[in-house]
Amino acid sequence: MPILWLGDKVLSATEQKAQRGLRKAATWGVRQIKRSLNVQGARLGRFKTSKTGRKVYKRGSKRRYVPSKAGERPHRQLGTLKKSIDYIETPLSMRIGTALDYGLYLEGGTKNMDKRPFLRPFIDSRANQKKIEELVARG
């Protein structure tokens, strides 16, 4: 009786399931990181309401925000960092991050600015690691 080899099909199905799980985990991770960046930085300066109902700054006042403290997640000002967070799909792996240059400076700090990490706390959380493992395993 001949033996039927289905190894390639099994391997392909396993890789597809793993890729689906990684995609779910990456999507969940991006959503969690974006939620953590919802802290609005308080605005300094005076503003008035325009005819359309929008708040606009008076002439002569500068648009400034209260910066986050060292070690805290960065405060949301215009939402550019939050909008830029996404994942990149590679064969059997996902990378979550931002394409903005200043994201790297916020995450790691500079010689003139302390760290304001927004990705590392998500990665270091044991609860998040368990959830990611669960999502990948389920596929």
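## Salt bridges and a buried leucine: worked exercises

Glu134 and Arg138 sit 4 residues apart in helix H5 (residues 126-138), so about one helical turn separates them. Helices here are DSSP runs of H or I with at least four residues, strands are runs of E with at least two, and both are numbered from the N terminus.

The model is predicted: local features need pLDDT of at least 70, side-chain atom pairs count only at pLDDT 80 or more, and totals for chains, interfaces and linings use all residues. Residues are numbered from 1 along each chain as its sequence is written, and side-chain values use heavy atoms, with hydrogens and water left out.

**Exercise 1.** Find how Glu134 and Arg138 interact, and state the exposure of each.

*Solution.* 
Step 1. Apply the salt-bridge rule: a side-chain nitrogen of Lys or Arg within 4 Å of a carboxyl oxygen of Asp or Glu.
Step 2. Check the distance. The closest N and O atoms of Glu134 and Arg138 are 2.8 Å apart, and the pair forms a salt bridge.
Step 3. Classify exposure: buried is under 20% relative accessible area, exposed is over 50%, and partly exposed lies in between (1.4 Å probe, protein chains only). Glu134, at 39%, is partly exposed. Arg138, at 54%, is exposed.

**Exercise 2.** State how many salt bridges the rule gives, then locate the pairs Arg23 with Glu89 and Arg120 with Asp124.

*Solution.* 
Step 1. The count is 3 salt bridges.
Step 2. Take Arg23 and Glu89. Their side chains meet at 2.7 Å, N to O. This pair links distant parts of the chain: Arg23 lies in helix H1 (residues 7-36), Glu89 in strand S5 (residues 86-90), and they are 66 residues apart. Arg23 is partly exposed at 31%. Glu89 is partly exposed at 38%.
Step 3. Take Arg120 and Asp124. Their salt bridge spans 3.4 Å, N to O. Both lie in helix H4 (residues 120-124); they are 4 residues apart, so about one helical turn lies between them. Arg120 is partly exposed at 44% relative accessibility, and Asp124 is partly exposed at 48%.

**Exercise 3.** Is Leu135 buried or exposed, and which residues does it contact beyond its sequence neighbours?

*Solution.* 
Step 1. Read its accessibility. At 10% relative accessible area, Leu135 is buried.
Step 2. List its contacts (heavy atoms within 4.5 Å). Leaving aside neighbours within four places in sequence, Leu135 touches Gly21, Lys24, Ala25 and Trp28.
Step 3. Compare sequence with space. Leu135 and Ala18 are 117 residues apart in sequence, and their C-alpha atoms are 9.5 Å apart.
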